[in-house]
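Please look over the sequence and structure below before turning to the notes that follow, which are grouped by topic.

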Amino acid sequence: MFDLFCLNEHTRSGGSSTVEGTLNRMPRCFSHPDPHIRPPFFHSLAIAMLPGHPGTPLTAPAEAHYCLPEQPSAETVSARLRAVAQFLRRLLPLCQAHTVEFYTRGLWETMVALPPETVLEELSGERLQGLLEEPPPQRPLQEAADGCSFSSILCENSQRLINVQAFAVAAKFYSMPNLGVCIPLKQLLEALNRRQQPKSNFEIKTDDFMNNKKSHEVQLMSQLVDGIAKYYGINQVIDLGSGKGYLSSFLSMQYNLKVYGIDSSNTNTRGANERNRKLKKHWQAYERRARTNVRGHVFKGAKERLEQDKEKFKANTTEKLLSTNNSLQSQAQVVAPDSNLFETADVFTDYDMCITNKQYELHSGTQLQPDENYISETAFLSILPADAVENDCSTRPNCRDLCEEEKERRKMASLKAKASRSKEANIYCPLTSYITAETELRDIVADLEDCVLVGLHTCGDLAPSTLRLFSAKPEIKAVCSVGCCYHLLSEEQEIQKDGSHGTLGFPMSRYLKEEGWFCGRNVRMAACLALERVAVGQVLPTESLFYRAVLQVIVEEFYGVKRSDRNIGKVYSKSSSFLDYVRKSLKKLELDESMISDSLIMEYFEKYKHRMNELEAFNMLKVVLGPCIEVLILLDRLCYLKEQDNIAWSGLVKLFDPIKSPRCYAVVALKKQTFHMPAN
């Protein structure tokens, strides 16, 4: 086994004497047969490895990824994580309490020393949108944050919120866009694609096969994953938490990658297989539209060129006629001064017919050339997985006309074809398995090879497990992970109550572990809130939350029940009024609803309805603080990667539009390269 630190000396002592020879002796991921898509570092490496070359030994982190954007240093990430953690430590109580207990625990009086109207005014309309604006030169915001000490945000004695504006400015400062740790997606894609082959002329429009949100996510993430795969020269992708296979199937079809989609749900796997099978049927209508567009484009272009040629011919003919006429006029003065030699209109008409026929022949021929938005059905089916293609029955010979020997031969050929599907370059194979940080991928994927590990909105602990698998498994060369459902992450204090558990989802970094950091489910739930959507007018579910909070008052005061293992579920959407909501909820909680009268239920409602704005204002404070909690979780994951010795490049990338897809940040990392050098 050789790594890039010792490769230089090894090759000089007995390696090839040419750049191409050196490249050809490298593994496939280093020596792609097309020199235009080899990572540029390896050309430099090959030159430096030539016998007698005076170069110095190269190191993987400094040279192998020199063309990628500058990554935030481990020191920078650690410093940002510490700063965000210190900011949140005193403000987390705002998010630790559940809104169910809002009135029973008197959360507004306990935590906020302001009227709810003041909070709502400061955190609504244009002021809320201002929190999302791109930061100005960082110093002004830094000064604003420095001026917002905790003494101006919280009362020193009671720890109650006393300054909403200072709270909002500080929250903005500790949100992701202002920390300087994100790599722009465009910059990363340009670096990854710098030496790659040009894209295929055909591009599948995902809007035709999935909803707008999923289409947005799949297009952008697949573009990045393909760039990473091509950068390394590898062809296999493992998609964890693949669900219905939207990302997996698109990577397989559009980018010709071999993809294994692994999901813990058998239902999802069956759905992915069925959806994959139906793609051919979807494509037939899709292809007809594309063919129509191509014909229209060709004939429109032919007509435009025909008109241009006619105009040019008229101009040229007129010029020649004038020249000839001038010459003939000088001769006609002697011969026949009043004669007309021909009608020019006849000349134009005849030539028009000639041009028309030739143009039609020429541009009919151009239909054989594929338009950038067109691909034949045969070509499309060739990129589909084998089991998604149904052969045309009309082309099959009658089985009764085949001899037994031919039937057996075809049967064996079919079995061999099925056995070889896993070896095809562009397959998508949905699998079912529960993934943890300790999972052996080779037990699931028999032909596991150098690959990219991806996850689009991997739920709860699956996101940190993805990063741990990436670090631990040598076959995984890169990772691109977008997490979600932070409230489902596991933490030590919660697990101690529930019993034994494997590797915890949070925290991952040494710093937060040493600090004994604990968020709790309610805090992590706040990290799932979508500030961007609220800022553009999405209404919080205040009434449903209000119903639930008042119900809790009834349950505790009237029934004397503090805790219940029963779940109310989505009763609000099925209720016609507060009274109806309470009646249905009491049944769900298995409490005797006949014990309480309608009038008493409505008395509770009347008692608290004027305080509904307190609940709305309290939730707005959570919405503003939510992005900072998400930053804590994401920086913890990035800091974990920075602590690993085998990782050459890592960073956070804003992949999606947060209004379309609120969980929009991807953790991306690439490993240092090690490989076996073949003997001379």
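In this predicted model, helix α5 covers residues 74-89, and because 16 residues at 1.5 Å a residue should span 22 Å, the 22 Å that separates its end C-alpha atoms agrees with expectation. The buried residues in α5 include V77, S78, L81, V84, A85, F87 and L88.

**A general point on helices**
- An α-helix has 3.6 residues a turn, so residues three or four places apart point the same way.

**The chain as a whole**
- The protein chain contains 29 helices and 10 strands, and 47% of its 680 residues count as buried.
- Among contacts in the protein chain with a separation of 6 or more, 78% are between residues 24 or more positions apart.

**The open sheet**
- Eight strands form an open sheet with mixed pairing, in the order β2-β8-β9-β7-β6-β3-β4-β5.
- Strands β2 (182-183) and β5 (428-432) stand at the edges with a single partner strand each, so one side of each has no neighbour in the sheet.
- Strands β3 (residues 236-240) and β6 (residues 451-459) run parallel and are joined by 4 bridges, and I238 has L453 of β6 as its bridge partner.

**Helices packed on the sheet**
- Helix α14 (residues 212-232) packs on the sheet, where α14 touches β3, β6, β7 (476-484) and β9 (665-671), and its direction makes about 160° with that of β6.
- Helix α13 (residues 185-192) also packs on the sheet, touching β2 and β8 (647-654), with its direction at about 140° to that of β8.

Definitions and conventions
Residues numbered from 1 in each chain as written. Predicted model: local features only at pLDDT ≥ 70, side-chain atom pairs only at ≥ 80, totals over all residues. Heavy atoms only, no water. Helix = DSSP H or I, 4+ residues; strand = E, 2+ residues; numbered from the N terminus. Expected span 1.5 Å × (residues − 1). Buried < 20%, exposed > 50% of the residue type's maximum accessible area, 1.4 Å probe, protein only. Contact = heavy atoms within 4.5 Å. Pairing = 2+ DSSP bridges. Axes fitted to C-alpha atoms, helices over the stretch in contact; angles between N-to-C directions.
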